[in-house]
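Good morning, and thank you for making time for this item.

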Protein chains: 2
Amino acid sequence: MPNKKLLLQIDFRSGLPIYTQIVNQVQAQVAGSVLKPGDQLPTVRALAEELRINFNTVARAYRILDEARIISTQQGRGTYITEIPPPKVTERLRRESLEALTQRYISEAMRLEFSKDEINEMVRNQLKAWKASAQANQNE
Amino acid sequence: MPNKKLLLQIDFRSGLPIYTQIVNQVQAQVAGSVLKPGDQLPTVRALAEELRINFNTVARAYRILDEARIISTQQGRGTYITEIPPPKVTERLRRESLEALTQRYISEAMRLEFSKDEINEMVRNQLKAWKASAQANQNE
DNA sequence: TGTGTAATTGTACTAATTGTATCATTGTCA
DNA sequence: TGACAATGATACAATTAGTACAATTACACA
């Protein structure tokens, strides 16, 4: 199934920068669940062509959205809507999602025959050392 | 006896390149003795088909693993887990694998805006309550 | 048993697609 | 006019895909 087409309405006379309009509208569509986690956005070039603007302008919008953790851009691959915690999940749902996440993690670690102590130790250490920026380059 | 099937879980939106995900997971399974010396890995084409990716992507992952002496690829024959990996390497692998796994977990949890305390607490509780049998088939 | 041919496997090189970085140009406004 | 923000042009880097090829193995058949 082809990607849902991203529908944006740019007003070139509105006084608002184009990239801001893109940011706002994507943000709005995410908030309104028109765009859902995992959805792929058009490539910078495709969207630029459709809107008849320079692809750098799209890239700029995407960069801002990426920094706001709303989308995830991956060089050579594409850009995707990230998982956003629903603003009003109940505490119970929140807890359950952490439970599920943790269970998958522990299950996997145990399958690889790490001991409980090793796991606990590793979690404690990494939590201590955690920096939000480290999320970007977790691949080495 | 047919080959044990290599079980890999690729997340196309994780931000990690596919080949890196393959490397990490094979590495982890070697470290955790899920894959043992002499085990044959799927052919580049077979694994590629299963994961619905290009076989060159698998080949790239295999090349990296080969350079790290974790596997041995042989043109025309197949790829195998290296015999007698030095204990030093194994230990380092084990550590790195758990590190990578844990980082992914924490990164995900933090993105869902759980606090360090919440995460730590959840891990400790689940570890305490862990029953291997209960988790047998929770990975899908 | 030997040998030729096809099948299977990994390799090498290249192309295509994607986002990134840097600087130039344009336009607005004090 | 000068400064600054927005946009555009160009070159680049990372990832994945396409194609041809080489090494090895399997197997039919003389």
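Across the interface of chain A and chain B, twelve residue pairs are in polar contact, both residues being at pLDDT 80 or more. By polar contact I mean a pair of N or O atoms within 3.5 Å; within protein, one must be able to donate a hydrogen and the other to accept it, and residues adjacent in sequence count only if both atoms are side-chain atoms. On the side of chain A that touches chain B, the elements giving two or more residues are helix 4 and helix 5 of chain A. Helix 4 of chain A gives the most to that side, with 17 residues. Helices (H or I, at least four residues) and strands (E, at least two) are DSSP runs, numbered from the N terminus.

Please note that this is a predicted model: local features need pLDDT of at least 70, side-chain atom pairs count only at pLDDT 80 or more, and totals for chains, interfaces and linings use all residues. Residues are numbered from 1 along each chain as its sequence is written, chains are lettered from A and ligands numbered from 1 in the order in which they are written, and side-chain values use heavy atoms, with hydrogens and water left out.

How many residues of chain A are in contact with chain B? Contact, meaning heavy atoms within 4.5 Å, involves 41 residues of chain A and 46 residues of chain B. The size of an interface is often given as the accessible area lost when the parts come together. Here the area buried between chain A and chain B is about 4700 Å², and carbon and sulfur atoms give 63% of it. This buried area is the accessible area (1.4 Å probe) that two parts lose on being put together, summed over both.

I turn to the salt bridges. The term denotes a side-chain nitrogen of Lys or Arg within 4 Å of a carboxyl oxygen of Asp or Glu. Over all chains the count is six, and one salt bridge is found across the interface of chain A and chain B. R94(B) lies in helix 4 (residues 87-111) of chain B and E118(A) in helix 5 (residues 116-129) of chain A, so the pair joins two chains.

Is R94(B) buried or partly exposed? R94(B) is buried, at a relative accessible area of 15%, whereas E118(A) is partly exposed at 29%. Buried means under 20% relative accessible area, exposed over 50%, and partly exposed in between (1.4 Å probe, protein chains only).

Within chain A, R111(A) and E108(A) form a salt bridge at 3.1 Å, N to O. Both lie in helix 4 (residues 91-111) of chain A, three residues apart, about one turn of the helix. R124(A) and E121(A) form another, at 3.4 Å, N to O; these two residues are in helix 5 of chain A, also three residues apart.

Finally, the sheet. In chain A, three strands form an open antiparallel sheet in the order 1-3-2. Its edge strands are strand 1 (40-41) and strand 2 (71-74) of chain A, each pairing on one side only. Strand 1 and strand 3 (residues 78-81) of chain A pair over two bridges, and pairing requires at least two DSSP bridges between two strands. Q40(A) stands opposite Y80(A), in strand 3 of chain A.
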